[in-house]
Structure formats: structure tokens, C-alpha cells
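These are my notebook entries on one protein chain. I wanted to look up a charged residue first, and then the strands, the cores and the rings.

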Amino acid sequence: MKKTLISTAVALATIASSSVQANDKIRYDYVDFGYIHSEGELTSDKTGYQFNISQAFDETWYIAASLQSQSADVWAAGNKGNVTAKEYSMVFGFHVPSTRTDDFFMEAGYAKFDGDGIIDQSTYGNDEDGFLVNLGFRGRLSTNWEYKLFAGYKDFDYSDYVDEANHEDSNSTTYGLEGRYYLSKNWSFGVKASQEITGLTSGFDFRYNL
């Protein structure tokens, strides 16, 4: 699998360095802010917000950063508490046109988890870091509609106080889809559903293309 991913990355980099032109219908310079909700596997539902910013270096490479914060009531050892868990990430991304209106993209970067109000041996929250990888497709279905399909993996450790066997979601694989409607040339409204470490997650956001 590792050799396949490396071979794919090399092949795509070769394509990008050729005469293929970037897809000007899909923007990688933007900021967005929105609401998210996760259905916990072992805790109550969680709600919060997410902020994302992306900046392109050229027609192929970009950098993106994200902050996700959610809160939930948890019970552990007969105690109840409200836990707020934040996830910070920063990735370097690469994209190349797959068709006239679609892009294939790959991302790799760093993720940091920050829990507040965590009860020892609880099933939600963490205070460690690790790395992540994502890949998928982005494209325009029409002038007003855009889609995104993605899958990824997060590799990280658990803090000593976390009950790893009963953690919120022991599966580090992520995947999901996003639909986006353009209200104007720069403003769009997006709806997203994905499987995350925090469980089945959905939400919406408003994006501004820079």
C-alpha cells in the first residue's frame, strides 16, 4: 500500500510538471466557518464549530489549516463533566486536474488534539498529536454547485488517562462528502457529512473565496 501511494504521488507530480493547466473553476484560496455535530459512539452527541483557511502557492500546491472544537457531556467512574475537545491541523496539499471540471487532490500534515475538562478514563477527548493524510476529488457539477469526496487516515497516540479500548471511535480512518452551493462568485454555502474520530459528523459552513 505504501509503495502504491508513493508511486501515485510521483506520477501525479510528473503530470503536474508537464503542460497540464490548473483547473480555474476550483479555488484553493478561501476561509470558511461553520457548525458541526457528531453522534457519539460511547458518549453524548457533540456540537461545536469549525474554522478553515486555505492558501494556494501556485497552480498545484497549497497549504491549509483547520480548527475544530466540540463539547459533550461525559460520564466516567460515577462522575459527570462537560468536555471540550479541540483538533488543530495543518496540511500541505497537491492537486491536479482529472477532467475539465474536476481535481484530484492529496494532503499530508500535522494534527494536534487538545482536551479541556477531561475526566480520567473517559471516552472522549485527548491531548496528543500525530499526522494525517487525505486524498479525494473536488469538482464543479454546474456553475453553482461544487462537490468534494475524500478519505484519509490519522495516526496519533492517546494520553495516559484515556481509556483507549473504549475511546470515542477507535477507527482512525476518515471519509466523507461535501456539497457546496455558490450564492455569488465568492460566497458559498456548504453541507458536509463524514466519519471522524469523534463519530458520524455532519454540519454546514459559509465560505468566502479570497
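Entry 1, a lysine without a partner. I looked up K148 and found that K148 is buried yet has no salt bridge, where buried means under 20% relative accessible area, exposed over 50% and partly exposed in between, with a 1.4 Å probe and protein chains only. A salt bridge here is a side-chain nitrogen of Lys or Arg within 4 Å of a carboxyl oxygen of Asp or Glu. The nearest side chain of opposite charge is that of E178, 4.9 Å away; Lys and Arg count as positive and Asp and Glu as negative, while His and the chain ends are not counted. I note that this is a predicted model, in which local features need pLDDT of at least 70 and side-chain atom pairs count only at pLDDT 80 or more, whereas totals for chains, interfaces and linings use all residues. Residues are numbered from 1 along each chain as its sequence is written, and side-chain values use heavy atoms, with hydrogens and water left out.

K148 lies in strand β7, residues 145-156; strands (E, at least two residues) and helices (H or I, at least four) are DSSP runs, numbered from the N terminus. Leaving aside neighbours within four places in sequence, K148 is in contact with F105, F137, R138, G176, L177 and E178, contact meaning heavy atoms within 4.5 Å.

Entry 2, the strand that carries E178. I find E178 on the covered face of strand β8 (residues 173-182), together with T174, G176, R180 and Y182, while the uncovered face holds T173, Y175, L177, G179 and Y181. β7 and β8 run antiparallel and are joined by 9 bridges; two strands pair if DSSP finds at least two bridges between them. On to β9 (residues 187-196), β8 pairs in the antiparallel sense over 8 bridges, and the two form a hairpin with 4 residues between them.

R140 is in contact with residues including I26, D102, E146 and Y182. R140 and I26 are 114 residues apart in sequence, yet 7.3 Å apart in space, C-alpha to C-alpha.

Which residues make up the largest nonpolar core? I list I26, Y28, A56, Y62, A64, V91, F105, A111, L132 and F150, 10 residues in all; such a core is a set of buried Ala, Val, Leu, Ile, Met, Phe, Trp, Tyr and Cys residues joined through side-chain atoms within 4.5 Å. β3 (61-76) and β5 (102-116) each supply at least two residues of this core. A second, separate core of 7 residues includes V74, I118, I119 and Y124.

I count 11 aromatic pairs, taking rings of Phe, Tyr and Trp (its six-membered ring) to pair if their centres lie within 6.5 Å, with planes under 30 degrees apart stacked, over 60 edge-to-face and the rest tilted.
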